[in-house]
Each structure stands twice: as C-alpha cells, then as structure tokens.
Amino acid sequence: MVLALDAAAQRAGLRVGMPAAKAQALRDAEPAADAEALDRLALWALQRYAPVAAADAPDGLVIDTTGTAHLHGGEDALVKGMVDQLAASGVAARAAIADSWGAAHAFARYVARPTLVVPAGDSVKAVLDLPIASLRLPKNMVEELRVLGFERIAELAAKPRAPLALRFGPELGRRLDQAMGCLSEPINPVRPSALIEVRRVFAEPIGAPETIARTTGKLVAQLCEMLEAKGLGARRLDLLFHRVDNRIEAIRIGTALPVRDVKRLTRLLCDKIETVDPGFGIEIMRLAATLAEPLAPKQTISSLTEEPEADVSSLIDTLANRVGEQRLYRFAPVASDVPERSVQRIAPAAPNIGEAWQDHWPRPARLLPTPEPIETVALLPDHPPVSFIWRGVRRRVKCADGPERVFGEWWKRDVELIAVRDYFRIEDEAGERFWIYRAGDGEDAATGTHRWFLHGIFG
Amino acid sequence: MRTSAGLPIVEELRERIQRLEGAATRRRLVLPFGIKEIDRHLPGGGLALGALHEVAGGGNGAIDGAAAALFTAGIAARARGKVLWCITRPDLFAPAFAQAGLLPGRVIYVEAGEAVLACFEEGLRHGGLGAVVAEVARLSMTASRRLQLAAESSGAIGIAIRRWRRQTEATDFGQPTASVTRWRVSALPATPLPIPGVGRARWQLELIRCRAGESADFEVEACDAKGRLALPSGLVHGPGQKEIGRRRAAR
C-alpha cells in the first residue's frame, strides 16, 4: 500500500492508499538504476563533504562528518547547504546529524524537519522518543513488537534484554545498541574506480603521532609521484586511518589551487594529526586524492624591472584548513550606493574585481552590523541633528557634513521603490566622528519613518 | 636623544647592545612615516620592519578601534606586498581602507575568532606578506615574544590592534609585551574649515613605548589617499615651538 508520495510520484498519477501492486504497474520500479544513482550521489558527497561516505540502501546516504564540518561553516550550515544543493538538482532530501549512524538514520526519517542537528551527547536521550519502526528492524518484527504493545524506543530500552533476545533473536538488541551508539557500526566508504590512492599496511598497529607524521610524509611522496605521472594536482586529500577496532578516523584537507608539492601537502596533513584518535592502534593508512585537477608545469615569467609578486597560496591553504574556507576572503567593490551592499566577499585567490570604490565621500572605518537607533534633536527636512543620544550618552554635534542621499534599490525589493536615506557625517565636541542617517527625506512620510540611526564610526 | 646622540661612547654601547640582541648581522629596515618630527623619535628613522607593533585606540576607540584601524591601514598601505588582516568582529568597512590607500585587492581577511594569535603567527612566519594585522584583546608576554620572533624571521611588519570588549579591560594595555613600539591613537576635533562642514580628521598620536627610543606625543592629520599622515600646518612652526623657546628664555 502506498503510504507517502513525493511531488514526482504525484505527477506520475500515484495516490496515497493505492495498493502497491497497482502503483508498481503504473510506474515500473528500477531498483538497479536506483542503487546506481545512489552510488553516484555517495561519490558526490565524498568529493564535496566528507572522506567517509557511502550509500545507505535503499533510500539514503550515510556520511561521517567528523572533522570536516568546520570546512563548511559548522554542522548546521553543512546540512542546510547539502539539502539546498540536493533540492537544486531535483532531489527532495532530509538530513540529520547525530552521534551514531543508527540515530542519524532514525532522525532523518522519523523527524519531520528538513534538517536536524542533534547536539553531541544528546542523541541517546532524543532517540528514545522515536517509534520502534525507526530501528531498521525487519517489518514483521516491528509488527510483532506492536502487537506486544511496544510503540516507542524508550519502552523497548527499559525492558530486560534476555526475554526479548529469546523471542526475536540477536538482531533487536544489536539495532538498539547501534541506535544508542554503544555498538560501533563501521561505514564502508565508497571509492571511485579511478581514485588515485596509496595505502600502507602495518605489521604492528601504530599510535604515536610522530609515527603517523612520518608515514604521512612517505604516503604523500608516493601520491605526488602518481599525480605527476598523470599531470594532476590535488585539490582535496583524504587520509583514512583504519583502526584495529574496525573504526575509521579521517582527515580531510582542501587547497585553493591544484597542488603537487610534497612538503606543503605533508604540512597541511600533519597540522591535523592531533584531531585523530588512534584508539588501540592503526592498522592501515590510506591517502587518496579525492579531487584532482590538471596541473601542468608553468614557466615563470621573469622580469628585470619588476619584483615578482610573492605567492601566498600556501598561506591561504594553511589558514583555510585551520579556520574554514568561508572565513577567509577579500572584499571587492559592488556598484551600489547602499553602504552594506557596496562590498562583496570573494575568494582570496580570485582575480580582482574592479580597482576600488568610486565614490569620493569619506566612509567610516567601522560599519555597525545593524544600524543602531538614536534619539536626536534635529530640524527637518535637511539639517543635521543638534544633539543625539547613542548608547545612553548624550553628545552635542559641533559640525556636520551632509546630507548624502541614498535611494532605495527598487530593482531588488519593491518596498524600496521610494525609500530614502539621508547620511550625515558629524563630529561631536570631543572630536569623535560618526556616520548617521535619517530614514526618509524629511518631508514625505512614505519615504521612511524619519527615525535616526547611527551606522558607522570614523577614525 | 639630542644630547646623547653625539657621544662616541654611547654609540659604541648601542652597537654592543644591538649585537647582543642578535639583529646586528643585517641592517634593520624601516618604514618611515615621512614626517621628520615622528621619524626622528624612532630608532632607524621609521617603524621597524620584521617587528611587532601595537596600536590601540584612546577613550571609546579602545572598543571600536576605528582610528587605530585606519592608522594601521595607512601603514599597511605604504608597506609592500599583500596584507593579511585577522579580524575577530566583522564590522570593518573596506571602502574606508581603500580611501586610506589600502586597495581591496591587496588585503586578505580572515575571521579568526579564537585562533587569532595562531593565524597572526602563521601570517608573520610565511614571508610573502608585507604586513600582517590582527585584532587582539589579550596579548601576553609569551605570545608577543613568539609573534616578535616570527616577524623577525620573515621581515614582515606585524601590527596588533588592541581592541577590547569593555572599557575596564583596556587597562590591559599597561602590561608589558615584547612589541617594539606601542601607539595610542585618539580622535581629536577635525581641522577647522572656513565653511560649515567637517575637515580632515585629526588624531592625538601617542608613542607610549619605543624600544631603544623615547616616548612622545604628536598631533597629526589622519591618513590621506596614499596612507600618509601629515602634521597640522599651524603647528609645524606654530605655538608648540614658540612655547619651548619661551621656556628656555625663562630659564
């Protein structure tokens, strides 16, 4: 019987409550093609999000985001961005981050929210409220449990295990433990066939950071040789540590431009070794260039007159891997008179957009994130205030420049059609200079509320 | 300074101290302000490259750091090469820096948050940058020594803009650090104009500490479009000089 439909299914003529056989007759299911598509999606997640990703058949992906969330601006931004990206390519998805595979699997399917991030450590408590159907148990077992009166996981978890195991077998206890996170569940990461990868298997498990660093150096050297033979440079490197207890720890680094420099890549990887927990020891180390781009040898331009511009891309990579790519940027001018829209952030290695801002009016060194309302004594329509109160301090205005009128951008939002801001640059008696504006032109109430705001501080 | 500069024994002692500091092997490069009154107070005739400097705002400037940022932007604009700017609060406005001569194509910003000192040091060690700037609230002796050593190794000019959350925390600026110079920039009433309006901004520039030099106060006009400061024209041969002369005459 059909229980739920997405938009595509509705278009195909399916209805809720329709028998499954009839639905299948309308549209042939293609399990093989679905599995293939899911694998492709897993590869996409591998390149884009985390070094350990796999298809969670039949309808999901599982991704180990440990240590990679900061590259996307935190876990919230990571799942939101992922769901948005999928939606843009026509896949309706829900995502959840939790402490274990079992818990995340349950939250993504049984909590009706597009994205959910369960804080670390809270998964066990949160998972208790979910229905038993979320435990990844066979359908008939769920039915039988329902007959016995079990509805939520909490009720099941409170019961002694032995009688349950006797009746339902070990599967029930295993799934329960996996959802609670007390039983580890290794993810077998998907590997593309043409992946450039080197590995090293240890006779004795290793654990000391120095040993890991030394091995990393050797692996990077091998990988760079392979990359050179293919004329490629690494954009993203994954270092996977297979631990003796069957878990996989991973490090991921990204670079702004393709790189094949052994020293630089080793340094980037070694910066992250402290985040790896070797547990009882590491058996296998695998280094893979998940994302590689063509990197051809380039002739350096030599000039007798000019000094070459120093290459800062290595610094950009180091900092981006430390604080995250989004938090490293340059500003570029935008042709807009509205101050907060006149700057845009571009990638540090991006080419320059325009020389600088064209306007010659002085601009403040600090622009408040949101303009702060101030109380003023001012003559309308075009005089600066005589005095104003900002953050509880009254200041008398000694001299002022203005108004500089900024019109709303009607092509962006309809409400800005006649909106106006009048900016003044004022100086108080102590010599501090501020940038204030009045919303509205001082005559017509339709242009703004005629309230005053402080927007910036000049040095 | 003027009295001791000529004595050969003092010169010799200075040389010996420099050799002890380990900087004697290469001549110290400096970035002059281009204003004689300020440059003669600084050893070498300018801000030392490959060294750590501290800049703070006075009064409310300790919290907003607007004048301090602009003063720093002026220095960075006159330095060569790219600039790394580590920020803790995203409220700086790049057009103002462009107006002080620091074009947006030259500056890479990093929102460092907690890791601001690590990013600052990383930038100083890299060697390909002209100047590295960071907004720092607390700066311990150990941290500042690390930064100073990093700056010495690469030759980049390191500037820590001291910026605090509360006015009471600004007393931290009295704690000793390993920086070479320490400045305080506070806003003064702008140069008066014959017409209504706000003239060119003026700053009270205090050189609070200077290694191998003496502290001094200046009243300057804020950065122009090339990042250069200027002395107010009324002051160069004006009241300040006259008063010194009068005091001498009275003695």
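How many bridges join strand β9 of chain A to β5(B)? Keep that in mind as you start the tour of this predicted model.

Begin by selecting residues 328-333 of chain A, which form strand β9. Two bridges tie β9 of chain A to β5(B), and the strands run antiparallel. Zoom in on A:Leu328 and you will find B:Val110 of β5(B) opposite.

Now widen the view to the whole contact between the chains, with 43 residues from chain A and 42 from chain B. Colour the chain B side by residue type: 29 residues are nonpolar, eight are polar and five are charged.

Next, move to the open, antiparallel sheet of four strands in chain A, ordered β5-β8-β6-β7. Select β5 (196-206) and β7 (248-259) of chain A: these strands stand at the edges with a single partner each, so one side of each has no neighbour in the sheet. On average, neighbouring strands here are turned by 15° against each other, direction ignored.

Go on to β6 (residues 232-243) of chain A, joined to β8 (residues 282-294) of chain A by 11 bridges. Pick A:Phe241: its bridge partner in β8(A) is A:Met285, and its partner in β7(A) is A:Glu249. Follow β6(A) into its hairpin with β7(A), where four residues lie between the strands and A:Asn246 in the turn has a positive phi of about 70°.

Finish with helix α12 (residues 262-270) of chain A, which packs on the sheet and touches β6 and β7 of chain A. The direction of α12 makes about 140° with that of β7(A).

Definitions and conventions: Residues are numbered from 1 along each chain as its sequence is written. Chains are lettered from A and ligands numbered from 1 in the order in which they are written. This is a predicted model: local features need pLDDT of at least 70, side-chain atom pairs count only at pLDDT 80 or more; totals for chains, interfaces and linings use all residues. Two strands pair if DSSP finds at least two bridges between them. Axes are lines fitted to C-alpha atoms, for helices over the stretch in contact, and angles run from 0 to 180 degrees between N-to-C directions. Two residues are in contact if their C-beta atoms, placed from the backbone, lie within 7 Å. Ala, Val, Leu, Ile, Met, Phe, Trp, Tyr, Cys and Pro count as nonpolar, Asp, Glu, Lys and Arg as charged, and the others, Gly among them, as polar.
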